[in-house]
Each structure stands twice: as structure tokens, then as C-alpha cells.
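This report looks at charged side chains and how they pair. The structure comes first, then the pairs.

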Amino acid sequence: QVQLEESGGGVVQPGGSLRLSCEASGLIFARYVVGWYRQPAGKERELVATTTDGGGTNYGDSVKGRFTISRDHAKHTVYLQMNSLKVEDTAVYYCYAMHISGRDEHHWGQGTQVTVSS
């Protein structure tokens with residue numbers, strides 16, 4: 001059974017930083033694209049960032065230059081370093097995993113709240 005366990009959410013002031021972590025279990029980590037999506041209240045879920053085992057990355061336009069995604073193969077963990085946070089970054093952040101073959105296999109974590117507020 002695939003599990004994605006997120007941690008690191010919380011409340012931060014504008015301009016601050018947070019780091020999210022997501023530990024994956026029940027899958028062969030190297031065979032999955034992993035990353036983060038977010039869903040602000042009342043809006044649709046959107047891409048934040050994803051990464052492959054080969055080091056390829058993909059970022060949503062709104063976070064480019066501020067957020068950095070990375071993965072630790074030995075720990076089966078993907079990280080999201082969020083800097084220069086803005087009020088509009090407030091959302092529930094979901095960890096995501098998709099098999100690299102492109103087959104219809106997607107997994108989601110339960111989400112962690114990030115609130116940016118003064």
C-alpha cells in the first residue's frame with residue numbers, strides 16, 4: 001500500500017520560509033515522479049513542483065525562483081523549500097506521486113496547511 005506522509009506545514013509571515021517534507025512508502029521510489037500540488041480555499045488544485053529520480057524538475061509559474069524541490073533517494077523523501085512566501089501561497093499542499101511510465105497510477109498525501117499571514 002502506497003503512503004505519502006507530509007510534514008512541515010504551518011503559519012508564517014510574508015517573506016518568510018518553510019520546508020515541507022513527504023516520506024513515501026510502499027513503492028519503488030526511483031520509479032516515480034514525485035512532487036507537490038496545492039489547493040487554495042475555493043480554488044482548483046494546481047501544480048507547485050515535481051521531480052524525477054534523474055533530477056529533472058518542473059515548477060508552476062507562480063513559484064519559480066522562490067521554491068525549490070529536491071528528493072533524497074535513500075530516505076524516500078521529497079522536500080519543498082519555500083522562500084519569499086506570499087499571502088497568495090496560502091493553501092493546502094499535497095504530496096503527489098505518479099509512476100514514471102505514465103500509466104494511470106497516481107497517489108496523493110492527505111495534505112498539510114500552509115498559511116502566510118501577517
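## Terms and model

Buried means under 20% relative accessible area, exposed means over 50%, and partly exposed lies in between (1.4 Å probe, protein chains only). A salt bridge is a side-chain nitrogen of Lys or Arg within 4 Å of a carboxyl oxygen of Asp or Glu.

The model is predicted: local features need pLDDT of at least 70, side-chain atom pairs count only at pLDDT 80 or more, and totals for chains, interfaces and linings use all residues. Residues are numbered from 1 along each chain as its sequence is written, and side-chain values use heavy atoms, leaving out hydrogens and water.

## Arg103 and Glu105

The structure holds 6 salt bridges. One of them joins Arg103 and Glu105, at 2.7 Å from N to O. Arg103 is partly exposed, at 45% relative accessibility. Glu105 is buried, at 17%.

## The network

Salt bridges with shared partners link Arg38, Glu46, Arg66 and Asp89 into one network. Within it, Arg38 pairs with Glu46; their closest N and O atoms are 2.6 Å apart. Arg38 is buried, with a relative accessible area of 3%. Glu46 is partly exposed, at 31% relative accessibility.

Arg66 and Asp89 form a salt bridge at 2.8 Å, N to O. Arg66 sits in the loop between strand 6 (57-59) and strand 7 (67-72), and Asp89 in the loop between strand 8 (77-82) and strand 9 (91-99), so the pair ties together parts 23 residues apart in sequence. Strands here are DSSP runs (E, at least two residues), numbered from the N terminus. Both Arg66 and Asp89 are buried.

Key:
Helix = DSSP H or I, 4+ residues; strand = E, 2+ residues; numbered from the N terminus.
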